[in-house]
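These are my notes from an afternoon with one model, kept in the order in which I looked things up.

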Amino acid sequence: MKIHRVVQMLGATTSTGKLADDMYDLNYKDYYSKEEGKYIPISHMDFQHMVRAFVKQNDRVEKNMKERNFLQEENENLEVKAEQMKELQQKYDHLREVYAIMFDNCDVKDKHIFKLQEKHQKEVDNAEFWKNAYYESVGVKGKVYVFSDIPNDCDGQRFTDDLKKYLNKESYKMRVRGQYLKDEVKETEGWRKYERGQPIDMSKCLRVYIDTK
């Protein structure tokens, strides 16, 4: 049974003879049907199909929340590493200042100076090692976007909206860009015009970039 028939039947059972107004606006809300290969009004969906779609969407949201929690844990780990690197840098700078004073003001024998220089160099090398290790651990490997191949439909829009809603906006900013030019646009306008990218409304999918401020 189609949704619009369900709405009509349920409305007839109420004291007012109808349901809430937004139930009658479902004809203007689209859902992409893989079976039919096109967007159809929600009011034209079969009731069982709509329930299955809702369950599927709920599973997808749960998966996205798990991914968000994982990213949050990763960010927290990076913050700890950054703080450790900051402390290491401070120690490194302090050592340089100490050794600079020692070398400028102390009249010591060449052998003792050489030992101090050698020790200083080891400290510098150690600091450089950990600094490089830190940058290697936090560096981006592969593509710079965080999410890709997000369907450019109601589900995809809802997903990106949820990401924006829960994003730590004090530390990060989020960009949504189009991915893959739609076939109908290729046929009517060609692909060269959009060689460097296309608007979201002409894209099959979406990409999400999350940058630090």
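**Entry 1: salt bridges**

I began with lysine 193, which counts as exposed, with a relative accessibility of 61%. I note here that the model is a predicted one. The side chain of lysine 193 meets that of glutamate 189 in a salt bridge, with 3.5 Å from N to O. For glutamate 189 I found a relative accessibility of 38%, which counts as partly exposed.

I then asked how many salt bridges the structure holds. The count came to five.

Next I turned to arginine 158 and aspartate 155, whose side chains meet in a salt bridge at 3.1 Å, N to O. Both residues belong to helix 4, where they stand three residues apart, about one turn of the helix. Is aspartate 155 buried or exposed? Its relative accessibility is 17%, and aspartate 155 therefore counts as buried, the limit being under 20%. Arginine 158, by contrast, is partly exposed, at a relative accessible area of 35%.

I also looked up aspartate 183, which forms a salt bridge with lysine 204, the closest N and O atoms lying 3.0 Å apart. This pair links distant parts of the chain, since aspartate 183 sits in helix 5 and lysine 204 in strand 5, 21 residues apart. Both partners are partly exposed, aspartate 183 at 39% relative accessibility and lysine 204 at a relative accessible area of 38%.

**Entry 2: the cavity**

Which residues line the largest cavity? I listed Met85, Leu88, Gln89, Tyr92, Ala127, Glu128 and Lys131. Helix 2 and helix 3 (110–138) are the elements that give two or more residues to this lining, and the largest share, four residues, comes from helix 2. Sorted by class, the lining of the largest cavity has four nonpolar residues, one polar residue and two charged ones.

**Entry 3: the second largest pocket**

I moved on to the second largest pocket, for which I noted a volume of about 590 Å³. Its lining is made up of 23 residues, and those nearest the centre of the pocket are Tyr32, Lys34, Tyr39, Pro151 and Asp153.

**Entry 4: the hairpin**

Last, I followed the chain through strand 1 (residues 30–33) and strand 2 (residues 38–41), which run antiparallel and are joined by four bridges. What is the bridge partner of serine 33 in strand 2? The partner turned out to be lysine 38. The two strands form a hairpin with four residues between them, and in the turn I noted glycine 37, with a positive phi of about 70°.

Key. Residues numbered from 1 in each chain as written. Predicted model: local features only at pLDDT ≥ 70, side-chain atom pairs only at ≥ 80, totals over all residues. Heavy atoms only, no water. Pairing = 2+ DSSP bridges. 1 Å grid on protein atoms, 1.4 Å probe; cavity = no way out; pocket = protein on both sides within 12 Å on 5 of 7 lines; lining within 4 Å. Points joined across faces, edges and corners; volume = space filled by probe spheres on them. Nonpolar A, V, L, I, M, F, W, Y, C, P; charged D, E, K, R; others polar. Salt bridge = Lys/Arg side-chain N within 4 Å of Asp/Glu carboxyl O. Buried < 20%, exposed > 50% of the residue type's maximum accessible area, 1.4 Å probe, protein only.
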